[in-house]
Amino acid sequence: MKTKGALIWDFNQPWSIEEIEIGDPVKDEVKIQMEAAGMCHSDHHLVTGDIPMAGFPVLGGHEGAGIVTEVGPGVENVAPGDHVVLSFIPSCGECPTCQSGKRNLCDLGALLLTGTAVSDGTHRVTANGKPVIPMTLLGTFSPYMVVHKSSVVKIDPSIPFEVACLVGCGVTTGYGSAVRSADVRPGDDIAIAGIGGVGMGALQGALNAGARNIFAIDPVDWKRDQALKFGATHVYPDLASAMMGVAEVTHGKMADKTIITTGELKGEDIDNYLNMTAKGGTCVVTAVANMMETSVTLNLAMLTLMQKNLQGTIFGGGNPHYDIPQLLSMYKAGRLNLDDMVTRQYKLEQINEGYKDMLEGKNIRGVIRYTDADR
Ligand code: CXF
Ligand code: ZN
């Protein structure tokens, strides 16, 4: 079918809304009418080239929620009419890694940046006959998608789409960074750097896990106010002031766990984050740096002598097929505030405005809300 999508054709160019063609679902594929798509910082990483996809044009978007309209043969996890969230990481449940329990590290993840369909290795999306690379095998910046069943998670239909889409990446990544990767324990002091969709997910994870102090670091005044509203105990505009504040509050112990959820990460910052972390503590690296960056500033002796852990994480170390419905059930039970994380809603045509707002720190999360007028 012909539809439209937000594409980028080269680095550092604006998103361009253009006609695209999406193939019908083949074996193991699901067609979805999209209702909402979250604007995560990682889509902007495609624009800057920090995360390069296999080529151009790229169809953006990896946070989304919608309604299944059609399924190909072999699809049993969802049926037409089901409400679903797209997981930015596929999780097949069958590969050796999934079988070992590491569902966020599914072997299908190898295809994440290639743009070729899991089912048959071809391109499901084209523009003027040219293959289009959908972000993380999805491409939620289009009112319709055809994707592999391993990226599709059925949800409770009573959840509004504009909040449901957040658990396809940001919230689940942040929440899991706290409760799984950092293993926040009751009474822990937690530092979180970067208060966007991921950071606010981490903050809520730390809160629910029983953190004592939550130190939120963000240069934007309004985001620090939001962090306090969501349960942070102390806020700081930058690393230097946070270092002094955390030292004072913890009497020099520092944060048991530090979680880095900034939009951009530099190798030279790592030592500062480890200095903010207590001896025996864990620094969780959730933020994504430029893929070519290999240099890190790190006092190796202190890493050893203070017995610190430096822990990378993707999708919060969780299982999309478990965590997505679980977090939405917590939202429904009033234990997870997703409503206040959706700062603004946009039309697909306003995507560049949405990303400008994100870069200016105006949004915790901006969400594209599709209507019939988009289709
Ligand atoms: C990213 C991680 C790197 C690949 C693209 C998606 N995660 C979420 O924003
Ligand atoms: Zn994301």
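What is the volume of the largest cavity? In this predicted model, the largest cavity has a volume of about 150 Å³. Local features need pLDDT of at least 70, side-chain atom pairs count only at pLDDT 80 or more, and totals for chains, interfaces and linings use all residues. Residues are numbered from 1 along each chain as its sequence is written, chains are lettered from A and ligands numbered from 1 in the order in which they are written, and side-chain values use heavy atoms, with hydrogens and water left out.

A search of the whole structure finds 3 cavities of 30 Å³ or more. A cavity is a set of points on a 1 Å grid over the protein atoms alone where a 1.4 Å probe fits but cannot get out, and lining residues have an atom within 4 Å of a point. The largest cavity is lined by 18 residues, and Arg124, Pro134, Leu137, Val146 and Val147 are the closest to its centre. Strand S10 (residues 144-148) gives the largest share of this lining, 5 residues. Strands (E, at least two residues) and helices (H or I, at least four) are DSSP runs, numbered from the N terminus. By class, the lining has 12 nonpolar, 4 polar and 2 charged residues. Here Ala, Val, Leu, Ile, Met, Phe, Trp, Tyr, Cys and Pro count as nonpolar, Asp, Glu, Lys and Arg as charged, and the others, Gly among them, as polar.

The second largest pocket holds about 180 Å³ of space. A pocket is an open set of points with protein on both sides within 12 Å along at least five of seven lines. Residues lining the second largest pocket include Asn77, Glu94, Arg103, His148 and His321. Its lining divides into 3 nonpolar, 5 polar and 3 charged residues.

The zinc ion (ligand 2) has three protein donors: Cys40 (SG), His62 (NE2) and Cys169 (SG). Donors are N, O and S atoms within 2.8 Å of the metal (3.2 Å for Na, K and Ca). The site is tetrahedral, with angles of 96 to 131 degrees among its 4 donor atoms; four donors count as tetrahedral if all angles lie between 85 and 135 degrees. Along the chain, the donors follow the spacing C-x21-H-x106-C. Cys40, between strand S3 (29-38) and helix H1 (41-48), and Cys169, between helix H3 (161-164) and helix H4 (170-181), link distant parts of the chain, 129 residues apart. Both cysteines are buried. Buried means under 20% relative accessible area, exposed over 50%, and partly exposed in between (1.4 Å probe, protein chains only).

Helix H1 is largely enclosed by the rest of the structure, because 7 of its 8 residues are buried. Among them are His41, Asp43, His44 and Leu46. The buried residues of H1 pack against strand S1 (2-8), S3, strand S4 (58-59), helix H11 (351-359) and strand S19 (365-369). Contact means heavy atoms within 4.5 Å. Gly49 follows H1 and has a positive phi, near 90 degrees. In the loop between H1 and S4 lies Pro57. The peptide bond from Phe56 to Pro57 is cis, with omega near 0 degrees.

Positive phi also occurs at His251, which is not a glycine, at about 55 degrees. His251 is exposed, with a relative accessible area of 75%. Phe315 has a positive phi near 55 degrees. Phe315 is buried, at 0% relative accessibility.

Conventions. Tetrahedral: all angles 85-135°; square planar, octahedral: opposite > 155°, others 65-115°. Points joined across faces, edges and corners; volume = space filled by probe spheres on them.
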